[in-house]
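I opened my notebook for a first walk through this structure. Come along, and keep the view beside you as you read.

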Amino acid sequence: MDASDGEEEEFELSRNYFLAKEFGTSGKKSTRKLSEIDIVDEQELRAALSNIEPKHEKEINDLMNSYKSLYSKWVFELRCGFGLLMYGFGSKKALIEDFASTGLTEYSVVVINGYLHSINLKQVVITLAELLWEQLKNYQNTPSGKSSKAEEPYNSRSMDDLLAFLDGPHADGKKCFVCAVVHNIDGPALRDSESQQYLARISACSHIRIVASIDHVNAPLLWDKKMVHTQFNWFWYHVPTFAPYKIEGLFFPLILTHGGATQTVKTASIVLQSLTPNAQSVFKVLAEHQLVHPDEEGMPVNNLYTICRERFLVSSQFTLNSHLTEFKDHELVKTRRHSDGQDCLHIPLTTEALEKLVQEISQ
């Protein structure tokens, strides 16, 4: 075989590779549609779940009781400046609250429910500051000269001032501290970078200790090395409880049930996850355009192609059409005829539902 034959064969292999990437996905389409997902009423499903009889109650109770022998060790580690991070299968809510109510009776405790959809961290810090001040007033070594400044209304002080107060040299931090119990520190209301940064700064304060739980498998990715080892200073504990997430689950819509706009987002998200990353990105371009121009009849196909081509999401009109065919097959996108005669693309979701869907696919 001469050199020219080898070059020609290599060119053919390269050409076939790119042709496969171009056309390969179009022939393997998922047949799932939103209308074909068999969904039930959410209240009926929750009622059925509440009637499920618990199993292995004796073994679970024995396991929970075995953790009580660790309570004194946990208190010692908190006094030494560590934060406690509980992980493992099952709800840790009852375990942590039992520890707080029996092992931390000498200290003030603030409970933060991270499984809620909205949490005001500024209000949390204000509460921590107020409780710390109450402790300092009863602490015999509190300098009387600092009382006037500390008695200022905390809700009128900035976040930096509050954190400085929590980290101040008021008393021995090993003996005088407020404990923040954070259920699901990886929950939806605390999962963003800003919230985690604030929680890390709070945990690093000399008069604050944190006891937290995580349940998401990727939760450690929320923190960098400094946050883990210096600010949170975690002491990790594997404490599987095998307890159901009864309370935490109340704040999460059940997948594949009738639940209004929120559930529509869930079902649409399931379908989008079956598509390629490029297809998801094309859908996001269309969704963002619809959110910015809610009064328009839709986004012209030519405009969508221009933006996607500029972002290197598609290489040709044929590729875009294959994505649009998938969207239409899954009933994610509908076509409308504009007043000037051109076809426009429209996502049949409310603005609220579409905003939530964009957040889902952006994570």
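**Entry 1**

I began at the hairpin of β9 and β10, where five residues lie between the strands and Gly 341 has a positive phi near 100°. Before going on, I noted that this is a predicted model, in which local features need pLDDT of at least 70 and side-chain atom pairs count only at pLDDT 80 or more, while totals for chains, interfaces and linings use all residues. I also noted that residues are numbered from 1 along each chain as its sequence is written, and that side-chain values use heavy atoms, with hydrogens and water left out.

For the names, I kept to DSSP runs numbered from the N terminus: helices are H or I with at least four residues, and strands are E with at least two. Two strands pair if DSSP finds at least two bridges between them.

Next I looked up the strand order. β8, β10 and β9 form an open sheet of three strands, in the order β8-β10-β9, and the pairing is antiparallel. β8 (299-300) and β9 are at the edges with a single partner strand each, so one side of each has no neighbour in the sheet.

I then went through the pairs. β9 and β10 run antiparallel and are joined by four bridges, and Lys 334 stands opposite His 346 in β10. β8 is joined by two bridges to β10 (residues 343-346), again antiparallel. Pro 300 has Cys 344 in β10 as its bridge partner.

**Entry 2: Val 333**

Where does Val 333 sit? I found Val 333 in the loop between α15 (317-329) and β9 (334-337). Is Val 333 buried or exposed? Its relative accessibility is 3%, so Val 333 counts as buried; buried means under 20% relative accessible area, exposed over 50%, and partly exposed in between, with a 1.4 Å probe and protein chains only.

I listed its contacts too, where contact means heavy atoms within 4.5 Å. Leaving aside neighbours within four places in sequence, Val 333 is in contact with residues including Phe 283, Leu 286, Phe 327 and Pro 348. Val 333 and Pro 348 are 15 residues apart along the chain, with 6.6 Å between their C-alpha atoms.

**Entry 3: the five-stranded sheet**

I moved on to an open sheet of five strands, ordered β3-β4-β5-β2-β6 with parallel pairing. Its edge strands are β3 (108-113) and β6 (234-238), and each pairs on one side only. From one strand to the next, the twist averages 20°. Here axes are lines fitted to C-alpha atoms, for helices over the stretch in contact, and angles run from 0 to 180 degrees between N-to-C directions.

I followed the pairs across. β3 runs parallel to β4 (residues 178-183) with six bridges, and Val 109 stands opposite Cys 179 in β4. β4 and β5 run parallel with five bridges, and Val 182 has Ala 212 in β5 as its bridge partner. From β4 the chain crosses through α9 to β5, and this β-α-β crossover is right-handed (with the strands pointing away from the viewer, the path from the first strand over the helix to the second runs clockwise). β2 (residues 83-87) pairs with β5 in the parallel sense over three bridges, with Leu 84 partnered by Val 211.

**Entry 4: two packed helices**

I checked α6 (residues 121-138) against α9 (residues 193-203): they pack at about 10°, with axes 11 Å apart. That makes α6 roughly parallel to α9 (angles under 35 degrees count as roughly parallel, over 145 as roughly antiparallel, 65 to 115 as roughly perpendicular and the rest as oblique). Leu 121, Val 125 and Leu 128 in α6 meet Ser 195, Tyr 198, Leu 199 and Ile 202 in α9.

**Entry 5: the whole chain**

The protein chain has 16 helices and 10 strands, and buried residues make up 40% of its 363 residues.
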